[in-house]
Amino acid sequence: MADRETPESHLAGYAGILRDACATGRRLTRAELEARRADGERAAEAGWPLRALIRDHLAAARTVEPAPASRPLLAVVEQAVDAFVEGYERAQHQAVRQEEAARREFIDDLLYGRSDLGRLAERAERFGLRLSQAHAVAVASGSEPYGDGYPVARGIESAVLTRFAGRQILLTTKDGRLICVAPGDQPDVLAFFAKQAYAATDGGKVAIGRSHPGAGGVVHSYEEALNALDLAERMGLDGPVLHAADLLVYPVLTRDRQAMADLVENVLGPLRNGRGGAQTFIDTLTAYFDSGCVATEAARRLSLSVRALTYRLERIHSLTGADPADPVNRYTLQTAVIGARLLDWPDTEA
């Protein structure tokens with residue numbers, strides 16, 4: 001046949017099967033069908049286009065002499081081609097599963113810092129990343145877990161890749177969260193991802209880690225984003241998008257956990273003796289500091305009268321010896337309150 005683009009090996013014995021089946025009026029045997037499936041698998045693994053392969057099958061069928069058995073010929077061609085395509089698709093599905101497994105293994109190694117960094121960098125190029133440059137990671141969480149193939153994940157991936165076609169971006173999911181890895185000098189990608197994720201997760205939170213160089217930089221940025229999400233939950237931080245760069249004070253405060261625990265206990269411990277327990281007064285101080293130390297706004301946030309709020313502040317002063325209205329005492333109290341929330345005190349004793 002002229003202008004062939006595929007090898008003839010996948011047609012070996014095909015015309016003979018057609019002639020024999022047409023001559024006897026029989027259907028293809030199980031062995032013949034399995035042979036066609038095997039040929040289809042080999043053609044798929046070789047990367048030959050299915051359209052050209054089908055064309056070759058039809059062209060080969062034309063070489064079979066038409067006879068009164070022409071109707072059986074069509075039936076046999078249908079059987080043979082169907083078995084061939086089944087094998088072709090089976091091989092393709094297997095290849096897809098293997099590719100998905102390789103991609104998931106790479107993502108796990110990338111985000112957990114496993115595997116040799118040099119080897120990891122080589123594998124990264126296969127999935128569209130060049131780890132020689134700096135990258136930043138955005139992590140989105142919602143009201144439910146998300147996985148690869150979920151409509152939410154597919155929709156966000158489609159929107160991002162359509163908007164930034166040709167960019168070196170990796171979108172995936174991990175532990176039910178949506179993840180975007182992008183070059184560190186392209187914050188517009190992560191900002192767009194955050195916008196899409198916030199809308200798609202019905203108001204979930206998105207955290208963006210800082211940009212860091214190399215393969216280890218992706219892990220670092222990913223962990224920063226995860227820590228930012230954890231901080232948002234612990235501290236009740238508002239806003240749909242959190243930037244790790246804006247939250248550096250919190251890891252600094254907890255770097256020496258024992259020192260922070262001592263501060264919390266020494267400053268806030270006496271509040272256990274107040275009516276309602278320590279948590280009531282911590283909530284009061286949190287609202288007071290978050291409102292810029294404006295009593296009327298703090299009272300509104302707590303659904304209290306200004307007089308009731310003032311009484312609580314006075315009790316805090318009386319119990320701890322620190323006056324929330326005094327600038328020097330205020331800094332100590334506010335740091336201790338932040339520490340209490342980070343350490344989940346007094347529910348979890350420091």
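Predicted model: local features only at pLDDT ≥ 70, side-chain atom pairs only at ≥ 80, totals over all residues.
Local features need pLDDT of at least 70, side-chain atom pairs count only at pLDDT 80 or more, and totals for chains, interfaces and linings use all residues. Residues are numbered from 1 along each chain as its sequence is written, and side-chain values use heavy atoms, with hydrogens and water left out.

**Aromatic pairs**

The structure holds two aromatic pairs. Rings of Phe, Tyr and Trp (its six-membered ring) pair if their centres lie within 6.5 Å; planes under 30 degrees apart count as stacked, over 60 as edge-to-face and the rest as tilted.

| Pair | Centre to centre | Between planes | Class |
|---|---|---|---|
| F164 and F192 | 5.6 Å | 80° | edge-to-face |
| Y288 and F289 | 5.9 Å | 50° | tilted |

F164 sits in the loop between α6 (151-163) and β2 (170-174), and F192 in helix α7 (residues 187-200), so their pair ties together parts 28 residues apart in sequence. Helices (H or I, at least four residues) and strands (E, at least two) are DSSP runs, numbered from the N terminus. F164 and F192 are buried. Buried means under 20% relative accessible area (1.4 Å probe, protein chains only). Y288 and F289 are buried too.

**Helix α14**

Helix α14 (residues 327-342) has 16 residues and should span 22 Å at 1.5 Å a residue; its end C-alpha atoms are 23 Å apart, which agrees. The expected span is 1.5 Å times one less than the number of residues. D326 caps the N-terminal end: a side-chain oxygen lies 3.1 Å from the backbone nitrogen of V328. Just after α14, D344 takes a positive phi of about 55°. Buried residues of α14 include L333, V337 and L342. Their cover includes α8 (214-235) and α11 (278-290).

Definitions and conventions: Buried < 20%, exposed > 50% of the residue type's maximum accessible area, 1.4 Å probe, protein only. Contact = heavy atoms within 4.5 Å. Polar contact = N/O pair within 3.5 Å; in protein donor to acceptor, adjacent residues only side chain to side chain.
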